[in-house]
Amino acid sequence: FGALESFDPEIAGVLVSELDRIRGGLQLIASENMSSPEVLTALGSTLSNKYAEGYPGRRYYGGCSEVDKAELLAIERCKTLFDADHANVQAHSGASANMAVYGAFMQPGDTILAMALPMGGHLTHGTKVSFSGKWFNAVHYGVDKQTEDIDYAEVERLAKEHRPKVILAGGSAIPRLIDFEFFRRLADEIGAIFWVDAAHFIGLVAGKAIPSPVPHADVVTFTTHKVLRGPRSGALVCKEEHAAKLDKAIFPMMQGGPQMHTIAAKAVNFKECATPEYAAYAKQVIANASVLATSLGEKGIRPTTGGTDTHLSLHDLQGIGVTGADAEGRADAAGIVLNKNAIPFDPQKPSIASGIRVGTPCVTTQGMGTDEMREIAALIAKAVTEGDADPDHPVSKEVRAGVTDLVTRFPAYPRG
Ligand code: PLP
């Protein structure tokens, strides 16, 4: 680090101030985590230099003997972790892994049935601004008005009406467990591929804290940087019968050379995820999310679906008369990082939104438990209901003092 500091103090300064930012506030973005120094070491290694188009033992470049070892370890550890027939660890991101599924199973114009973005889906699930909605015909399901959970009757009706090639389950703002058996039965009934985008919750599966989609789905894609706590990247696991198709879709169809440093970091992460410590972490993430959701609800910040079974909860702010955008700004001014989020049937446009999404992967990595979640709920409620986007506002200052107390007791990336 010293060499970077003397050659490029501007970028070195950003690295230090970003670390200070992480350490100084409460990180409640549900899709973020704090990967280990071991994962970061692999990421910052000379494996970044190596071109290795192809797969282990079948490369289009010489000199791949060492990076082959890293990729084989990542593949084997990933297969073991998820008890999967086949793993491809080359996707550069969750969106790339998703693109590979379209590439493997669909032709332009074919139909996919997926969850709508404003109901909890993801951009790559057929929205018009994404390749997935530009090149494919997306039919979207939502949530039930009463339960605010997936509207399974609508999924069934749309599947039978549109006969999609692929049915997709998963999304970015789904607090409840998904009924994978239901989707499998339905896909079999209409002869569709069943795909699960497990980006958000795969870490909970790795820690055996929630049921796995792997036995049910034809293919499961995921990111590696959310609850899983690995490097910023993606991967997929699938049934053996789809392995060759999906491998060809990742390379050469849509990616060039794999990022071998990131693959090495994924291997480290999969090893971490197989430990009892990680399993305890995954369970604690859920316990924390559940208490945080309930405690916020007690302060009038209503959790949709009544709570959560996972690492995240979605909260409706209409009852306290605050928008998602205002809540995000007020929390930020007090050192609490969370995001505004559309809630089901949201009357606001997405840039304003009526809700916030909070998640516990980061604070649980810092060692916080359910008592601290009650403290965090009180701090959020104070900032959101009485605060201001001005960091010098007295409420911002008061809440920030509470945040500082918490992060001093539970430091991120402890010094030394
Ligand atoms: N799928 C889901 C459900 C996601 O939530 C995300 C990202 O948040 C992605 C895919 C895309 O992942 P990435 O940002 O790595 O491309």
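Me: In which sense do strand 8 and strand 9 pair?
Reply: Strand 8 (residues 193-197) and strand 9 (residues 219-223) run parallel, paired over 3 bridges. Pairing needs at least two DSSP bridges; strands (E, at least two residues) and helices (H or I, at least four) are DSSP runs numbered from the N terminus. This is a predicted model: local features need pLDDT of at least 70 and side-chain atom pairs 80 or more, while totals for chains, interfaces and linings use all residues. Residues are numbered from 1 along each chain as its sequence is written.

Me: What is the bridge partner of V196 in strand 9?
Reply: V220.

Me: And what is the strand order in the open sheet?
Reply: The order is 4-10-9-8-7-5-6, 7 strands with mixed pairing. Strand 4 (86-88) and strand 6 (137-141) are the edges, each pairing on one side only. From one strand to the next, the twist averages 20°.

Me: Which strands does helix 5 touch?
Reply: Helix 5 packs on the sheet against strand 7 (166-169), strand 8, strand 9 and strand 10 (234-238). Its direction makes about 160° with that of strand 9. Contact means C-beta atoms, placed from the backbone, within 7 Å; angles run from 0 to 180 degrees between N-to-C directions of axes fitted to C-alpha atoms, for helices over the stretch in contact.

Me: What about helix 7? Which strands does that one touch?
Reply: Helix 7 (residues 152-162) packs on the sheet too, touching strand 5 (111-115), strand 6 and strand 7. With strand 6 the angle is about 155°.

Me: Switching to the ligand: how many residues surround it?
Reply: 15, with S93, G94, A95, S172 and A199 the closest. The cut-off is a C-beta atom, placed from the backbone, within 6 Å.

Me: Which helix gives the most to that shell?
Reply: Helix 5 (residues 94-105), with 3 residues.

Conventions:
Two residues are in contact if their C-beta atoms, placed from the backbone, lie within 7 Å.
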